[in-house]
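Me: I would like to go through the charged and aromatic side-chain pairs in this one. Could we take them one at a time?

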Amino acid sequence: MQEDKLPQVRTAICCCPWLIWRVNRLKTLGRCMSGHSHNHGHGCGHEATDVDHALEMGIEYSLYQKIDMENMECLNEECDGDGKKVFKPYEERLDVTKYVQSDADEELLFNIPFTGNIKLKGIIVAGANDDSHPSKMRLFKNRPKMTFDDAQSKADQEFELTRDSRGEVEYSPKVVTFSSVHHLSIHFPSNFGEDNTKIYYIGLRGEFSEAHHHGVTICTYEARPNVSDHKNEAFDAVNRTIQ
């Protein structure tokens, strides 16, 4: 590597927590491999597999980066803004310091706008290992600003949830239904028996494409132009674009 490029690489690594994590894990793996080069231990092989799996999952569950966080909302959250905290990197799914808890009852409703269109392929919901874990999840496609009254309508898909405190269970939406999603609403109507629901992590897996806004051009023409109005012009045309 050229010397003049080294500062740029170091700067890129320092500015990216994911890269720092990756470099540290590779250093650990390298020390482990060098320390076992003359025996038949299998511990490092397992660690390498775990690292690769974590990397793969971290890349696949990166749709949280495409959420329009400024306009995302969570209804019935105990503290304003807590609902946004559960959409975080996969490797932080076990961080129990960031969570959302319902307020008046056990229901939570997330309205999630995206900065483009997604094809939703997988969802992970991690909660506490107790009865506050949500027991049911209902998905609504492209219905912005839903309320709890709106959520009484038929969902596009529903799932019965199992307790998952480690974020290991993936639920698979119908790809045909959720192939062009610019807004996703997730309704958790109940839990396993507690008065309030608590969620630590919601992971979204899928594909993302940029939204394309095409302007529409409207042209207005005069069928029989008046020569006195236009003088040297045969006709007049007005063009304008609607975004």
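Me: Arg 143 first, please: how accessible is Arg 143?
Reply: In this predicted model, Arg 143 is partly exposed, with a relative accessibility of 27%.

Me: And which side chain does Arg 143 meet in a salt bridge?
Reply: The partner is Asp 156, at 3.6 Å from N to O. Both residues lie in the loop between β4 and β5, 13 residues apart. Asp 156 is partly exposed as well, with a relative accessible area of 24%.

Me: How many salt bridges does the structure hold?
Reply: There are eight. One of them joins the side chains of Lys 121 and Glu 207, at 2.6 Å from N to O. Lys 121 belongs to strand β3 (residues 108–127) and Glu 207 to strand β8 (residues 198–210), so this pair ties together parts that are 86 residues apart in sequence.

Me: Are those two buried or exposed, or partly exposed?
Reply: Lys 121 is partly exposed, at 26% relative accessible area. Glu 207 also counts as partly exposed, at 39%.

Me: What does Asp 131 pair with?
Reply: Asp 131 meets Arg 163 in a salt bridge of 2.5 Å, N to O. Asp 131 sits in the loop between β3 and β4 (136–141), and Arg 163 in the loop between β5 (157–160) and β6 (170–171), so the pair ties together parts that are 32 residues apart in sequence. The relative accessibility is 30% for Asp 131 and 40% for Arg 163, and each counts as partly exposed.

Me: Over which ring does Arg 163 lie?
Reply: Arg 163 lies over the face of Phe 192, 4.2 Å from the ring centre.

Me: Moving on to aromatics, how many pairs are there?
Reply: A search of the whole structure gives five aromatic pairs. In one of them, the ring centres of Tyr 99 and Tyr 200 are 5.8 Å apart and the planes stand at 75°, so the pair is edge-to-face. Tyr 99 is in the loop between α4 (82–85) and β2 (100–101), while Tyr 200 is in strand β8, so the pair ties together parts that are 101 residues apart in sequence.

Me: Is Tyr 200 buried or exposed?
Reply: Tyr 200 is buried, with a relative accessible area of 13%. Tyr 99, in contrast, counts as partly exposed at 29%.

Me: Which residues form a cluster through ring pairs?
Reply: Ring pairs link Phe 87, Phe 110 and Phe 188.

Me: Last topic, Arg 93. Where is Arg 93 found?
Reply: Arg 93 is in the loop between α4 and β2. The charged end of Arg 93 sits over the ring of Tyr 90, 4.0 Å from the ring centre.

Me: Which side chain of opposite charge is nearest to Arg 93?
Reply: That is Glu 168, 5.6 Å away. Arg 93 is buried yet has no salt bridge; the cut-off for one is within 4 Å.

Me: What lies around the Arg 93 side chain, then?
Reply: A polar atom of the Arg 93 side chain lies 2.9 Å from the backbone oxygen of Arg 166. Not counting residues up to four places away in sequence, Arg 93 touches Lys 88, Arg 166, Gly 167, Tyr 200 and Tyr 201.

Conventions:
Residues are numbered from 1 along each chain as its sequence is written. This is a predicted model: local features need pLDDT of at least 70, side-chain atom pairs count only at pLDDT 80 or more; totals for chains, interfaces and linings use all residues. Side-chain values use heavy atoms; hydrogens and water are left out. Helices (H or I, at least four residues) and strands (E, at least two) are DSSP runs, numbered from the N terminus. Buried means under 20% relative accessible area, exposed over 50%, partly exposed in between (1.4 Å probe, protein chains only). Rings of Phe, Tyr and Trp (its six-membered ring) pair if their centres lie within 6.5 Å; planes under 30 degrees apart count as stacked, over 60 as edge-to-face and the rest as tilted. A charge sits over a ring if NZ of Lys or CZ of Arg is within 6 Å of the ring centre and within 35 degrees of the ring normal. Lys and Arg count as positive and Asp and Glu as negative; His and the chain ends are not counted. A polar contact is a pair of N or O atoms within 3.5 Å; within protein, one must be able to donate a hydrogen and the other to accept it, and residues adjacent in sequence count only if both atoms are side-chain atoms. Contact means heavy atoms within 4.5 Å.
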